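Here is a short briefing on a structural model. Read it beside the sequence and the coordinates.

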Amino acid sequence: MIKEIWKDKFARAALLVLITLYGLIFFADFIAPYSKDYSNRAFAYVPPSKMYIINEKGKLSFPYTYNYIRKYDPDLMQTIYKEDRSKKYFIRPLTLGAEYKILGLIPCSLHLFGTERGGNLYLLGTDINGRDVFSRLFFGGQISMTVGFLALLILFPIGLIYGGISGYFGGKTDIIMMRFAEAIMAIPSFYLLIILAAILPTGMTSAMRFGLIVVILALIGWAGFARVVRGMVLSIKNEDFVLAAKTIGASPLRIIIKHILPQTTSYVIIAMTLAVPSYILSESGLSFLGLGIQQPDASWGNMLKEAQEFTNLLYRPWLLVPGGLIFIAVLSFNILGDTIRDILDPKGRKRENLR
Amino acid sequence: MKILGYIFKRILQTIPLLIFVSIISFFIIRLSPVDPLGELRLNPSISQETLEKEQRRLGLDKPIYIQYFLWAKSFIKGDLGYTAAGEKVSVKLAERIPNTLLLTLVVIFSTWLAGIPLGLLGAVKQKTYIDRLLTLFTSMGMAIPSFFFAILLLTFAVKTGWFPVGGLTSYNFAELSFWDKFFDIVKHLFLPALVLFTISLSGLQRQMRANTLEVLDSDYIKYARAKGIPERKIIFKHALRNAINPMITLLGFEFAGLLSGAALTEYVFQYPGLGRLILEAVMKSDINLVMASLMIGAFMLVLGNLIADILLIITDPRIRA
């Protein structure tokens, strides 16, 4: 299958983009010049640092940058930042910076790049708390890009078993189980999402909150998935091999799990690749509203929350970058999902139920 | 007469569904640790009398299943209680629902107008550069987060000043003539509608393309071609009609998707719709309002599916057989 994906130009690009993104967030601590908790309160909304590779004499030089100094402009009645041209700070590869732990175990303070001591390098400016937006993109990505997968790990077993049981037993069980699933589907999913997120008790640790957001996301999607699985089980359960298993005396649960559900594999793979991006979107929407991942933790959604204020819209466009990343990630997943679907299910008969 | 019978049966089927929805939403909300009257208690302008009335209406001292029946009884009577700000929930909802319906209907109408021909075009010109371009465009439309797109358009509106931002009407709306009123609403509606239009058009175009491809692959089209019927006639007379039928089922789902998508868009554009109402209610833990808007949202969704099914019963004779 990988071979076939590789043959398609778009799918190959999408796959490479995703591998790069996951690689970057995996090495976030190393690549990001600043730590997750770094904040320089005196430097809120600093514009992106400019990098120079041609010095004042017009000659090529090692990349360097200037620090910003904060000034108050009495005419505009706001703080402005100006470059302090008096001292250069060279940007060096492999510098020592904030300490982190490799895989949460080995302490290390080596970073991919940084400036000389005393210099500030804000590649994408800072936010309201003086935190480096560029660094936070990586830490935000760690959450935004994994939430979908984790939700799927919860959702798919539930959907498979639920749909399997409902379809296999049929009759009254089927009617009751399906009516329940339909009722869940009848609540506009985003409404349900925000309500579930809003009733989470306050004062949880960020890890707990993350876990519960995952669970909530999973609770939204299982019903639709279970319905499709049920439909497939209905068509499979009268096949000869199921009858054979019954004759041997296999228990219903065994038949469902061992004989029927494996038949749905290709559908499940398609549904999974197409579901991940929708969870990325849901999480970012939720965090954007302030109901998902909470500060000080970063997620691409909650980083965008600031961007919607009018002054930020006009004067601080660098705050919009996380939105671009969500777009790229979701687009790549969609393209990949479409290609996988075309490979596994060329006639596209099942596609209608996926969205 | 037979059609009416089917429609009647289909309407009856929605009643248990709505009851089920109400039970689920009620228990989700009531089992949460939020005090249903907490906000109301904190509001100094709410009299003790109103509080007691609410307490009695909700039966907060009784077990939870009795609370549900009390709530359902007053809901059916149309008494939805008070918001945290002390307004009647029913009044608030009546104010917002038309706005959301207006937005949703405009979007559905325009996406169908554009999506069906574009889907057909994509299928007929399959694998040409037009199709590739359309696919690229729809992939992008599906990938852009609605709120991010909304923010981008908001930036555009603020920078150019071409579009008013926030609300549905200007401050001087009451003084305008009929046509000015009309254009005022159109201007306010344009950007939120554009966001939702782009996103739902993408899904619709792809679906229509897939359906058309499937129909074009069917035996009766091959037969029609073999008979030598002109290609134009095959596409517009035979393929189009059959490809549109499954789209009608989608109409119901689209309605649901729009209700959800509208919430974020309404929030960013400060559009006075149901989605923003429920968001604000959730954030203020305004329980009466949340519960009522949840029910109305579900009701609208079920209604959307119902209308889609009825349309399908009318258009597709196979379902009646």
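In the hairpin of β1(A) and β2(A), five residues lie between the strands, and A:Gly58 takes a positive phi near 80 degrees. This is a predicted model: local features need pLDDT of at least 70, side-chain atom pairs count only at pLDDT 80 or more, and totals for chains, interfaces and linings use all residues. Residues are numbered from 1 along each chain as its sequence is written, while chains are lettered from A and ligands numbered from 1 in the order in which they are written.

**Confidence**

- The predictor gives the complex an ipTM of 0.82 and a pTM of 0.85.
- Chain B has a mean pLDDT of 82, and 95% of its residues reach 70 or more. pLDDT is the predictor's confidence in each residue, from 0 to 100.

**Strands of chain A**

- Helices (H or I, at least four residues) and strands (E, at least two) are DSSP runs, numbered from the N terminus.
- Strand β1 (residues 51-54) of chain A runs antiparallel to strand β2 (residues 60-73) of chain A, and three bridges join them. Strands pair if DSSP finds at least two bridges between them.
- A:Met51 has A:Thr65 of β2(A) as its bridge partner.
- Ten bridges pair β2(A) with strand β3 (residues 78-102) of chain A, again in the antiparallel sense.
- A:Asp73 is bridged to A:Gln78 in β3(A).
- The hairpin of β2(A) and β3(A) has four residues between the strands, and A:Met77 takes a positive phi near 55 degrees there.

**Helix packing in chain A**

- The axes of helix α4 (residues 133-169) of chain A and α5(A) come within 7 Å and cross at roughly 140 degrees. Axes are lines fitted to C-alpha atoms, for helices over the stretch in contact, and angles run from 0 to 180 degrees between N-to-C directions.
- From α4(A), the contact uses A:Tyr162, A:Ser166, A:Gly167 and A:Phe169; from α5(A), it uses A:Gly171, A:Thr173, A:Asp174, A:Met177 and A:Met178. Residues are in contact if their C-beta atoms, placed from the backbone, lie within 7 Å.
- Four of these contact residues are nonpolar, four polar and one charged. Ala, Val, Leu, Ile, Met, Phe, Trp, Tyr, Cys and Pro count as nonpolar, Asp, Glu, Lys and Arg as charged, and the others, Gly among them, as polar.

**Chain B overall**

- Chain B has 13 helices and zero strands.
- Its C-alpha atoms fill a box of roughly 80 × 55 × 40 Å, taken along the principal axes.
- Of the 321 residues in chain B, 37% are buried. Buried means 20 or more other C-beta atoms within 10 Å of the residue's own, exposed 12 or fewer, and partly exposed in between, with C-beta atoms placed from the backbone.
- Among contacts in chain B with a separation of 6 or more, 73% join residues 24 or more positions apart.

**Where the chains meet**

- In the interface, 40 residues of chain A are in contact with 46 residues of chain B.
- On the chain A side, the elements giving two or more residues are α5 (171-185), α6 (189-198), α10 (265-288), α12 (310-315) and α13 (321-344).
- That side divides into 28 nonpolar, seven polar and five charged residues.
- B:Ile28 lies in helix α1 (residues 2-30) of chain B. B:Ile28 counts as partly exposed because it has 18 C-beta neighbours inside 10 Å.
- Leaving aside neighbours within four places in sequence, B:Ile28 is in contact with A:Ile195 and A:Leu196.

How values were computed:
Two residues are in contact if their C-beta atoms, placed from the backbone, lie within 7 Å.
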